[in-house]
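Subject: Structure for you to look at

Hello,

Here is the structure I said I would pass on. Please open it before you read the notes.

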Amino acid sequence: MTQNDLKLANQGQRILNAIIDMVTFLVIWFLLSIGLMLLELNQTYTDETHKQLPIIPIIILLPTFWGYYLLTEYKFQRTLGKVLTKTKVVSSSGDKPTLKQLIFRTLSRSIPLEYFSYIVTVKGIHDKLSSTRVIKN
C-alpha cells in the first residue's frame, strides 16, 4: 500500500475515537481501582488538610492509560473507538506499526493538550512523533 492509497480518518472520526477511548480507559481504570481496593489494597495518603486519599487509583492511572492503547493497538491495530468508527492505525507507509512506533505513539499521548491537535489537523501529535496514521478501514 502506498502513502497515496491511505484514506486518512477524518477529524470527526478522530475526535470520536478520542472520546470513546477516553471513556473506555476511565471505565477500565475505575473497575481496576475498585477491584484492587476490594482486595484490600486500599492504602491511603493523608494530605495536609487531613483528608484521606486512596493511593492505588493514582498509582495505576498512567499504566492503565498506556496499557489500554499499547495492548489494543499492538494486538489489533485498533482500540474500541477505532473499531466503532471503522478505522485502524498503520505506519506512515501503510503497514502494521512496529512495537517501537506504538510505544512512541502511546507515550506521546501523555503530552498535555495533545488531543486538541485534532482541531487543526487529522494527524495528531502522537501520529507525527511515531510516524503512524489512522486510516479508514
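Below are notes on its salt bridges, its aromatic rings and one serine.

This is a predicted model, in which local features need pLDDT of at least 70 and side-chain atom pairs count only at pLDDT 80 or more, while totals for chains, interfaces and linings use all residues. Residues are numbered from 1 along each chain as its sequence is written, and side-chain values use heavy atoms, with hydrogens and water left out.

Salt bridges

The whole structure holds 5 salt bridges (a side-chain nitrogen of Lys or Arg within 4 Å of a carboxyl oxygen of Asp or Glu). One of them joins Asp-127 to Arg-14, with the closest N and O atoms 2.8 Å apart. Because Asp-127 is in helix H5 (residues 125–130) and Arg-14 in helix H1, this pair ties together parts that are 113 residues apart in sequence. Helices (H or I, at least four residues) and strands (E, at least two) are DSSP runs, numbered from the N terminus.

Asp-127 has 1% relative accessibility and counts as buried (under 20% relative accessible area; exposed is over 50%, partly exposed in between, with a 1.4 Å probe and protein chains only). Arg-14 is buried as well, at 3%.

Glu-73 forms a salt bridge with Lys-82, at 2.9 Å between the closest N and O atoms. Glu-73 also forms one with Arg-109, at 3.1 Å. Glu-73 is buried at 0% relative accessibility, and Lys-82 is buried at 2%. A network of salt bridges links Arg-14, Glu-73, Lys-82, Arg-105, Arg-109 and Asp-127.

Aromatic rings

There are 3 aromatic pairs (rings of Phe, Tyr and Trp, the last by its six-membered ring, with centres within 6.5 Å; planes under 30 degrees apart are stacked, over 60 edge-to-face, the rest tilted). Phe-25 and Phe-65 pair edge-to-face, 5.2 Å centre to centre and with 80° between the planes. Phe-25 is in helix H1 (residues 11–38) and Phe-65 in helix H2 (residues 56–76), 40 residues apart. Tyr-68 and Tyr-69 also pair edge-to-face, at 5.1 Å and 75°. These four residues, Phe-25, Phe-65, Tyr-68 and Tyr-69, form one aromatic cluster.

Ser-91

Ser-91 is in strand S3 (residues 87–91) and is buried, at 6% relative accessibility. Its side chain makes a polar contact of 3.0 Å with that of Ser-93 (N or O atoms within 3.5 Å, one able to donate a hydrogen and the other to accept it; residues adjacent in sequence count only if both atoms are side-chain atoms).

Regards
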